[in-house]
Amino acid sequence: MPDEVPASASSASTEEEAPPERLGSDLSGRQRLVKGLWPPRITRAQLIVALLLFGLGFGLAVQVASNSEGDSALRGARQEDLVRILDELDDRTERLEDEKQGLEEQRDELENSSDQAEEARRQTLERERQLGILAGTVAAQGPGITLVVEDPKGMVESNMLLDAVQELRAAGAEAIQVNGVRVVAGTYLSDSGDGVSVDGNKITAPYRFKVIGKPQDLEPALNIPGGVVQTLEKEQATASVERSTKIVVDALRSAKQPGYARSSSQ
């Protein structure tokens with residue numbers, strides 16, 4: 001008769017020989033979930049998506065910070081400055097829209113003209129005339145203002161008149177003449193004894209500016225708080241501005257032949 005095997009020994013042997021699947025089935029649902037999630041398995045695609053999301057978030061944070069800085073700068077400005085900035089933006093937008101409309105009209109004329117060559121020559125001559133006005137080689141007329149600066153105490157200096165020129169240009173002045181001297185892009189002003197020199201031409205008070213442009217833009221630009229008129233009044237000078245429907249700017253500058261620059265289209 002064979003020896004009897006104890007029941008405890010038989011049970012232990014059965015557990016040792018149990019397959020792994022049997023052992024896994026003894027785990028609870030929570031234990032299996034934890035075992036599936038840890039350690040984490042990150043794929044290459046998931047890593048790329050995470051980096052893209054991080055870059056997007058960083059860019060949004062930088063954009064929000066820059067916008068906040070711009071808003072804080074405007075928030076600290078005076079009401080008069082904000083009004084002037086808004087007016088200048090509106091004027092600039094209007095001028096750009098006018099220029100855009102003019103270019104579109106020229107394009108339409110070229111496309112619809114029966115004789116495109118003749119139309120191109122006409123537009124070339126018109127463009128040449130416009131450039132001549134800006135360069136001061138052609139007389140001009142149109143609506144604008146006359147600014148007269150009286151200086152009985154002799155306190156007006158060249159930088160004050162230069163401020164007037166810059167304010168007028170910023171307001172859309174297309175042609176400026178001061179006491180018979182045409183003001184162009186390269187004009188410079190300097191003090192000269194009891195007067196002011198404009199491009200080497202000495203002028204004395206009263207200083208008379210003849211300006212062609214939109215009067216509704218030119219006059220307010222000189223009368224803004226802390227602007228040209230108030231600065232001159234602090235120096236015991238007086239400045240009067242008069243609007244007109246016709247201003248004639250007939251002082252001319254001789255055309256200067258460039259010594260080095262040549263057209264890049266040649």
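Select Ala164, Glu167 and Leu168 in helix 7 together with Leu218, Ala221 and Leu222 in helix 8, since this is where the two helices meet, in contact in the sense of heavy atoms within 4.5 Å. Five of the residues in this contact are nonpolar, none is polar and one is charged; Ala, Val, Leu, Ile, Met, Phe, Trp, Tyr, Cys and Pro count as nonpolar, Asp, Glu, Lys and Arg as charged, and the others, Gly among them, as polar. Helices here are DSSP runs of H or I with at least four residues and strands are runs of E with at least two, numbered from the N terminus.

Now show the whole of helix 7 (residues 158-170) and helix 8 (residues 215-222), which pack at an angle of about 145° with their axes 9 Å apart; the axes are lines fitted to C-alpha atoms over the stretch in contact, and angles run from 0 to 180 degrees between N-to-C directions.

This is a predicted model, in which local features need pLDDT of at least 70 and side-chain atom pairs count only at pLDDT 80 or more, while totals for chains, interfaces and linings use all residues. Residues are numbered from 1 along each chain as its sequence is written, and side-chain values use heavy atoms, with hydrogens and water left out.

Next, go to Glu109 in helix 5 (residues 79-112). Leaving aside neighbours within four places in sequence, Glu109 is in contact with Glu119, Arg122 and Gln123. Glu109 counts as partly exposed because its relative accessibility is 35%, where buried means under 20% relative accessible area, exposed over 50%, and partly exposed in between (1.4 Å probe, protein chains only).

Select Asn179, in the loop between strand 2 (175-178) and strand 3 (181-183), where phi is positive at about 50° although the residue is not a glycine. Then move to Pro206, in the loop between strand 6 (201-203) and strand 7 (207-212), and look at the peptide bond from Ala205 to Pro206, which is cis, with omega near 0°. Finally, Gln236 sits in the loop between helix 9 (228-234) and strand 8 (238-249), and has a positive phi of about 60° without being a glycine.

To end, colour the chain by pLDDT, the predictor's confidence in each residue, from 0 to 100. The protein chain averages 80, and 74% of the residues score at least 70. Over residues 5-18, however, the pLDDT is below 50, and this stretch has zero contacts in the model beyond near neighbours in sequence. Where pLDDT is low, the predicted coordinates should not be read in detail.
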